[in-house]
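User: I would like to learn how to read the features of a model one at a time. Could you take me through this one, giving the general idea and then the case at hand?

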Amino acid sequence: MTLHATYFGANGWLLEFEGLRVLVDPWLTGPLRFPPGDWFFRGELPHPWPVPEGLDLLLLTQGLPDHCHPASLSLLDRQLPVVGSSSAAARARALGFTRVTAVSPGQEHSHGPLQIQATAGAPVPQVENGYRLVHPAGSIYLEPHGFLATDPATAPRGPVDVAITPVVDLGLPLAGAFVKGAQVLPQLLERLQPAVVLASTAGGDVRFQGWLSQILWQKGSTEQAAAAS
């Protein structure tokens, strides 16, 4: 199996399946902002990342700024094929991408030898996407908020070689957890039986500031996740 994964922090990954290069939810440069402004939430990368060369596909799980980061997407060739949730596809088209395919949970799409199954992801507030990716080089399941669908029509099928998932819970007072990595990890391990788990979403030495970041809470750790798996 010739399968490589490079992590950029937050939700961003470069997945390589025997030379087929897939960029996922990239945040490569510039700050991350959520409305209404920096006082509310702002993220900073420790350093900018160069745009990976020779990309074959841009894969987007959600339409929110930490998955469809405008400054980062603006660095990419607008002819690059894009597959994403309905909200992500709309944002990609608005940024000028011309080869965009929207997929909803339960739908499948092929990009050459790569089979893409969209699974039901986080409701933020509409249900966004996770993905099960199957290639002769190996299979990957990824979902950035730790939501594991139970409906057979929209749930990922196992086993997989690699699972890319958060391994901690993140939440807000009263609202509860919006990232459920620690909660879902035991179910994910049982259902998908991944040979490797790669922690996502809450890593990469990203610095956050603003009112929202001050009231976020976290449960779990990568060390606890490693012991559980």
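User: What percentage of the contacts in the chain with a separation of 6 or more comes from residues 24 or more positions apart?

Analyst: First, the ground rules: this is a predicted model, in which local features need pLDDT of at least 70 and side-chain atom pairs count only at pLDDT 80 or more, while totals for chains, interfaces and linings use all residues. Residues are numbered from 1 along each chain as its sequence is written, and side-chain values use heavy atoms, with hydrogens and water left out. A contact means heavy atoms within 4.5 Å; on that basis, residues 24 or more positions apart account for 57% of the contacts in the chain with a separation of 6 or more.

User: How many helices and strands does the chain have, and what is its radius of gyration?

Analyst: Helices (H or I, at least four residues) and strands (E, at least two) are DSSP runs, numbered from the N terminus; the chain has five helices and 18 strands. Its radius of gyration, taken over C-alpha atoms, is 16 Å, close to the 17 Å that the globule rule (2.2 Å times the number of residues to the power 0.38) gives for 229 residues, so the chain is as compact as a globular protein of that length. Along the principal axes, the C-alpha trace spans about 45 × 40 × 30 Å.

User: What share of the residues is buried, and which residues touch the most other members of the largest nonpolar core?

Analyst: Buried means under 20% relative accessible area, exposed over 50%, and partly exposed in between (1.4 Å probe, protein chains only); buried residues make up 50% of the 229 in the chain. A nonpolar core is a set of buried Ala, Val, Leu, Ile, Met, Phe, Trp, Tyr and Cys residues joined through side-chain atoms within 4.5 Å. The largest such core has 21 residues, of which Leu15, Phe17, Val22, Leu133 and Ile140 touch the most other members. At least two residues of this core come from each of β2 (12-17), β3 (20-24), β6 (57-60), β10 (114-123), β11 (127-135), β12 (138-142) and β13 (162-165). Apart from this core lies another, of 17 residues, including Leu23, Leu55, Cys68 and Val100.

User: Which residues of helix α2 are buried, and what covers them?

Analyst: In α2 (residues 86-94) the buried residues are Ser87, Ala88, Ala89 and Ala92, and their cover includes β6, β7 (82-84), β8 (100-102) and β11. Serine 87, for example, counts as buried because its relative accessibility is 14%, and, leaving aside neighbours within four places in sequence, serine 87 is in contact with Gln62, Gly63, Gln126 and Glu128. Just after α2, glycine 96 takes a positive phi of about 105 degrees.

User: Where do cis peptide bonds occur, and which residues have a positive phi without being glycine?

Analyst: Most residues other than glycine have a negative phi, and most peptide bonds are trans. A cis peptide bond joins proline 35 and proline 36, with omega about 10 degrees, and proline 36 is found in the loop between β4 (32-33) and β5. A further cis peptide bond joins glycine 158 and proline 159, with omega about -5 degrees, and proline 159 is in the loop between β12 and β13. As for phi, glutamate 18, in the loop between β2 and β3, has a positive value of about 50 degrees although it is not a glycine. Glutamine 193 likewise has a positive phi of about 50 degrees; this residue lies in the loop between α3 (181-192) and β16 (196-199) and counts as exposed because its relative accessibility is 54%.

User: Is glycine 43 buried or exposed, and what does aspartate 66 touch?

Analyst: Glycine 43, in strand β5 (residues 42-44), counts as buried because its relative accessibility is 0%; beyond neighbours within four places in sequence, glycine 43 is in contact with Trp27, Pro31, Leu32, Arg207 and Phe208. Aspartate 66 sits in the loop between β6 and α1 (70-73) and is buried, with a relative accessible area of 17%. Not counting residues up to four places away in sequence, aspartate 66 touches Asn11, Asp25, Leu32 and Phe34. Aspartate 66 and arginine 33 are 33 residues apart in sequence and 8.2 Å apart in space, C-alpha to C-alpha.
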